[in-house]
Amino acid sequence: MTLQEGAVLADAVTAPKSRRRGRIGRTSWILPSYTTLALVFLLIPIVYTIVFSFNNSIKSNISWRGFTLDKWLNVCSAQNVCQAFGNSLLIGGVATVVATTLGTMIAIALVRYRFRFRAAISLLLFLPMATPEVVLGSGLASEFLGAGVEPGLLTIMIAHIMFCISFVVVTVKARVSSLDPALEEAGRDLYGSPGQVFLRITFPLLLPGIIAAALLSFALSFDDFIITYFNSGSVQTFPTFVYVSAARGIPAEANVIASAVFFIAIVIVITQQLAAAVRRRRLARTA
Amino acid sequence: MAFAAFATETAKEQTPRRGGKIALLLLVPGLLYLGLFFLVPLFSLVFTSLQAPSGVNFGQFEAAFKIENYAVFGQYSEQILRSFLYAVLATVFALLFSYPLAYFIGVKARPWPLLQNLMLVLVIAPFFISFLLRTIAWKSMLSDESPFVTGLKAISLLAPDAHITGTPFAVVFGLTYNFIPFMTLPLYASLERLDTRYLEAGSDLYAKPFTTFRTVTIPLSMPGIVSGVLLTFIPAAGDYVNASREFLGGTGTAMIGNVIESNFLLSNNYPAAAALSIILMLAILVIVLVYVRVSGTKDLL
């Protein structure tokens, strides 16, 4: 049972029912209405971007010229959009795999083992998240410049792996700390080799945390612009494509790709939430 | 951290073992990577910031100890001050916007966990659509020809020759909008753990709702406020997309990020860009340390 689920159950049992007061009743509509308006406000540019993916635009996609499905059906007709998108997918995939592997290893070590320089290591992991992107980007670019490395796909991947690692560590660490060591002990007591215990007990139990970290890494990599722009040379990712074309008008095809990515992400997250809700209900029934 | 909002598992008692070889094997690859591509670049920035123009090849720089490069601090003091002013404003606005929102999701919506989670999904939904396209969407909606602006002009709420895009207002607005989720998530994470019985105790002791809010709710949600402020302020101070002329900014809104970008990528004046990056990093470090000391939080991660 997670802490949240436990808290919900404990509250239901122990918390005294709050007495209704007239004063609260009269003003209780303010906060819900504010929340609704605030959430609508957050969604405005998203709706705008999606709507304008159906715009029958000719060159720049600023004024509404009528509804069309053309841009969705021929996404790749705009120059370079699909190539930039493909680059972003490739970079995101590689960065996710490498960062998730390196970060998960660090997370396990941080929770499970004692070693010296712990404080220094925590600081090294925290700093990349607290450094402005423009500093990370220009720093890496000046390192590559000094070493004579040409900017391109490889330098973008190196940069993305770097800023994803810390986020993976934070996410997976929470999962490792919640793992009951007794389960692994049981595996060892039953004569499981260290490899077997890891593959059949530890890894499956950590998997939800690792998947969350991987999704987060991919999202961070896919939408990164500032660090990428300093280290991309002539290679375009989806965000740098948007930035460069902003001067002469962003084609509606870019909106199509962004909208499609949005829908996929939202479906993944909502499915996850609904599954959690089903689990919660089942838990409440058995409790 | 922001993403701790989703980490709700209980920590199990772990007895860390003395590491030895396995710990080393697990730690070394990742830490080596961060050393090579996070720490070395910072030193490389210091090194580059002290370089002098090469006497032989025009447009090239060579190793030197030209501390005068840091005169960029005076040259661009206007942009540096503006960055911090905009970032502070955006952080304050994001906090005012997010607190009631996070309070409703984290405290009032507790009886309905599914609704709570769906509202959280809506808060992070902007993360799923390109940051640049969102900003461009605001630019189009706030442009002079947009129905919103022509409407405001028609009812004389805006002077006929006034603009919204290209003004400091638009840049601060864009920064606020883009960093709201970074503020709301940590606030939610700490308000979600708020024990409402403390609030009832406040009202039982005849405290006015506002007094309870000021003396109970705010102090208990302080960790969320601290991490939300840091997560908003740091990227906002270094941002250059919102202030860029192709997005929400204009000629008079350049921030330090814009200056670093143009010096590095356009005029290839690497020492100036590196010196400005170092200045930005140090300024943020000092502000963060002072802020953390004043707000009394030690736990950063």
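**A leucine and its surroundings**

Tutor: Leu124(A) is partly exposed, because 18 other C-beta atoms lie within 10 Å, while a residue needs 20 or more to count as buried and 12 or fewer to count as exposed. This is a predicted model, so these values are computed from predicted positions. Leu124(A) belongs to helix α6 of chain A, which covers residues 118-130. Leaving out residues up to four places away in sequence, Leu124(A) touches Leu31(B) and Leu34(B). Both of these partners carry the letter of chain B. Along its own chain, Leu124(A) is 28 residues apart from Gly152(A), and the C-alpha atoms of the two are separated by 26 Å.

The contact between the chains takes in 87 residues from chain A and 82 residues from chain B. On the side of chain A that touches chain B, 62 residues are nonpolar, 17 are polar and eight are charged.

Phe117(A) sits in the loop between β1 (113-114) and α6 of chain A. Phe117(A) is exposed, because 11 other C-beta atoms lie within 10 Å. The phi of Phe117(A) is near 60 degrees, a positive value in a residue other than glycine. Most residues other than glycine have a negative phi. Tyr206(B) lies in the loop between α8 (196-204) and α9 (209-220) of chain B, and counts as exposed because it has 7 C-beta neighbours inside 10 Å.

Helix pairs come next. In chain A, helix α9 (residues 181-189) and helix α10 (residues 194-223) pack at an angle of about 165 degrees, with axes 10 Å apart. α9(A) and α10(A) are therefore roughly antiparallel to each other, and their crossing is right-handed. From α9(A), Leu183(A), Glu184(A), Gly187(A) and Arg188(A) meet Val197(A), Ile201(A), Thr202(A) and Leu205(A) of α10(A). The residues of this contact comprise four nonpolar, two polar and two charged.

In chain B, the axes of helix α3 (residues 77-108) and helix α7 (residues 168-191) come within 6 Å and cross at roughly 40 degrees. α3(B) and α7(B) are therefore oblique to each other, and their crossing is right-handed. The contact of α3(B) with α7(B) has 22 nonpolar residues, four polar and no charged.

Key: Residues numbered from 1 in each chain as written. Chains lettered and ligands numbered in written order. Predicted model: local features only at pLDDT ≥ 70, side-chain atom pairs only at ≥ 80, totals over all residues. Axes fitted to C-alpha atoms, helices over the stretch in contact; angles between N-to-C directions. Helix = DSSP H or I, 4+ residues; strand = E, 2+ residues; numbered from the N terminus. Parallel < 35°, antiparallel > 145°, perpendicular 65-115°, else oblique. Left-handed = near helix turned anticlockwise from the far one by under 90°. Contact = placed C-beta atoms within 7 Å. Nonpolar A, V, L, I, M, F, W, Y, C, P; charged D, E, K, R; others polar.
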